[in-house]
Amino acid sequence: MLEYGSDHWTRHIAFKEYLGHNEIERCRYEKFKLELSCREWNDSQEYSAAKGVLIAEIEQKALIWYADYND
């Protein structure tokens, strides 16, 4: 559960909406997650760390897009 309007909420909504509106980034993210699913992981933290870099990159683009999209 996230507090409505919090920074954490905004990041999640922006990411979701951005991927929903940007087919190239959505496919890139999907392909990356499929690649990760083929690997063996020691635990969920290892998996989360592996996808963290791409998520942070997309998230930054998403936040900019979301701010412009909602003006």
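Guide: What follows is a conversation about the terms used for this structure, which is a predicted model.

Visitor: How do you know what kind of secondary structure the protein has?

Guide: The secondary structure comes to three helices and zero strands, and along the sequence this reads as the pattern α-α-α. The C-alpha atoms fill a box of roughly 45 × 30 × 15 Å, taken along the principal axes.

Visitor: Why is Glu25 called buried?

Guide: A residue counts as buried when its relative accessible area is under 20%, and Glu25, with a relative accessible area of 6%, is therefore buried. Glu25 lies in helix H2, and, leaving aside its neighbours within four places in sequence, Glu25 is in contact with Tyr18, Leu19, Ile58 and Lys61. Of the 71 residues of the protein, 21% count as buried.

Visitor: Why are H2 and H3 described as roughly antiparallel?

Guide: These two helices pack at an angle of about 175°, with their axes 11 Å apart. Angles over 145 degrees count as roughly antiparallel, and H2 and H3 are therefore roughly antiparallel to each other.

Visitor: Which residues of H2 and H3 meet, and of what class are they?

Guide: From H2 there are Glu25, Arg28, Tyr29, Phe32, Lys33 and Leu36, and they meet Tyr47, Ala50, Lys51, Leu54, Ile55, Glu57, Ile58 and Lys61 in H3. By class, this contact has eight nonpolar, no polar and six charged residues.

Visitor: What makes up the largest nonpolar core?

Guide: Ten residues form this core, namely Trp9, Ala14, Phe15, Tyr18, Leu19, Tyr29, Leu54, Ile58, Ala62 and Tyr66. Helix H1 (7-21) and helix H3 (44-69) each supply at least two of its residues, and H1 gives the most, with five. To belong to such a core, residues must be buried and joined through side-chain atoms within 4.5 Å. In H1, the buried residues are Trp9, Ala14, Phe15, Tyr18 and Leu19, and what covers the buried residues of H1 includes helix H2 (23-37) and H3. Ala62 touches Ala14, Phe15 and Tyr18, not counting residues up to four places away in sequence.

Visitor: How do you know what span to expect for H1?

Guide: The expected span is 1.5 Å times one less than the number of residues. For H1, which has 15 residues, the expected value is 21 Å, and the helix reaches 21 Å from its first C-alpha to its last, so the span is close to what is expected.

Key
Residues are numbered from 1 along each chain as its sequence is written. This is a predicted model: local features need pLDDT of at least 70, side-chain atom pairs count only at pLDDT 80 or more; totals for chains, interfaces and linings use all residues. Side-chain values use heavy atoms; hydrogens and water are left out. Buried means under 20% relative accessible area, exposed over 50%, partly exposed in between (1.4 Å probe, protein chains only). Helices (H or I, at least four residues) and strands (E, at least two) are DSSP runs, numbered from the N terminus. Contact means heavy atoms within 4.5 Å. Axes are lines fitted to C-alpha atoms, for helices over the stretch in contact, and angles run from 0 to 180 degrees between N-to-C directions. Angles under 35 degrees count as roughly parallel, over 145 as roughly antiparallel, 65 to 115 as roughly perpendicular and the rest as oblique. Ala, Val, Leu, Ile, Met, Phe, Trp, Tyr, Cys and Pro count as nonpolar, Asp, Glu, Lys and Arg as charged, and the others, Gly among them, as polar.
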